[in-house]
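Please take a moment to look over the sequence and the structure before reading on. The paragraphs below are meant to be followed with both in view.

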Amino acid sequence: MNDTSTSTPEPVRFDTKIAVLLREDLEIWQRLNVTAFLVSGLGTQLPEVVGEPYEDADGVPYLPMFRQPVLVFEGTKETLTAAHTRALSRSLPRAVFTSDLFTTGNDRDNRAAVRAVPTGELDLVGLAVYGPRNAVDKVIKGARMHP
């Protein structure tokens, strides 16, 4: 006998992870802004994280988005600094957002603000990282899921 019933497809489990770590003392508007800026960097350099374009039932096209969830975490300044150090030591793709970027008004000044500060002295308020699940988990160790 053939089983012709429809079965629920298995959930997709990715072997990679996209994580954003935010400093816990940011205001809500800052958290949203930092998250948006950080993840924009991943899609431009890592085409494998971007899925196919969307289209609604009327055929209206929409831009593609990440093919997997973006997990957002928060932690102390020290947690963020430690995560940045671990991301660097593992050579994982990453994006940073420093407190200085809240005072600039354009991309050129943003890059200049980061370039002006040595790595160990960056006043990080956000970090995005992508890579194998276990490596990303080790990078964000000590952070907690954003409420």
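This is a predicted model: local features need pLDDT of at least 70, side-chain atom pairs count only at pLDDT 80 or more; totals for chains, interfaces and linings use all residues.

Residues are numbered from 1 along each chain as its sequence is written, and side-chain values use heavy atoms, with hydrogens and water left out.

The protein has four helices and seven strands, where helices (H or I, at least four residues) and strands (E, at least two) are DSSP runs numbered from the N terminus. Read from the N terminus, the order of its elements is β-α-β-β-β-α-β-α-β-α-β. Along the principal axes, the C-alpha atoms fill a box of roughly 70 × 35 × 30 Å. Of the 147 residues, 33% count as buried, a term that means under 20% relative accessible area, with exposed meaning over 50% and partly exposed what lies in between (1.4 Å probe, protein chains only). If contact is taken as heavy atoms within 4.5 Å, then among contacts between residues at least 6 apart in sequence, 75% join residues at least 24 apart.

The 13 residues of α2 (residues 77-89) should span 18 Å at 1.5 Å a residue, and the end C-alpha atoms are 19 Å apart, which agrees; the expected span is 1.5 Å times one less than the number of residues. Its buried residues are T79, L80, A83, H84 and A87. These cover an arc of only 135 degrees around the axis, which puts them on the same side of α2, the arc being that of the directions from the helix axis to the C-beta atoms. The cover over these buried residues includes β1 (16-23), β4 (70-75), β5 (94-98), β6 (124-132) and α4 (133-139), whereas the face turned away from the buried side carries the exposed residues E78 and S89. The phi of S91 is near 55 degrees, a positive value in a residue other than glycine. Most residues other than glycine have a negative phi.

The nonpolar interior comes next. A nonpolar core is here a set of buried Ala, Val, Leu, Ile, Met, Phe, Trp, Tyr and Cys residues joined through side-chain atoms within 4.5 Å. The largest such core has 17 residues, of which V20, V34, L38, L42, F97, A128 and Y130 touch the most other members. At least two residues of this core come from each of β1, α1 (28-45), β5 and β6, and α1 gives the most, with four residues. Apart from it lies another core, of 15 residues, among them F73, A135, V136 and V139.

Which aromatic residues form one cluster? They are W29, F37, F97 and F102. Rings of Phe, Tyr and Trp (its six-membered ring) pair if their centres lie within 6.5 Å, and planes under 30 degrees apart count as stacked, over 60 as edge-to-face and the rest as tilted; by this rule there are three aromatic pairs. The rings of W29 and F102 have centres 5.7 Å apart and planes at 65 degrees, so this pair is edge-to-face. Because W29 lies in helix α1 and F102 in the loop between β5 and α3 (107-115), the pair ties together parts that are 73 residues apart in sequence. The rings of F37 and F97, with centres 5.9 Å apart and planes at 65 degrees, are likewise edge-to-face, and this pair, with F37 in helix α1 and F97 in strand β5, ties together parts that are 60 residues apart in sequence. F97 is buried, at 4% relative accessible area, while F37 counts as partly exposed at 46%.

Two further residues deserve attention. K17, in strand β1, counts as buried at 8% relative accessibility, and its side chain makes a polar contact with the side chain of D137 (2.3 Å). A polar contact is a pair of N or O atoms within 3.5 Å; within protein, one must be able to donate a hydrogen and the other to accept it, and residues adjacent in sequence count only if both atoms are side-chain atoms. E74, in strand β4, counts as buried at 9%, and its side chain makes a polar contact with that of R31 (2.7 Å).
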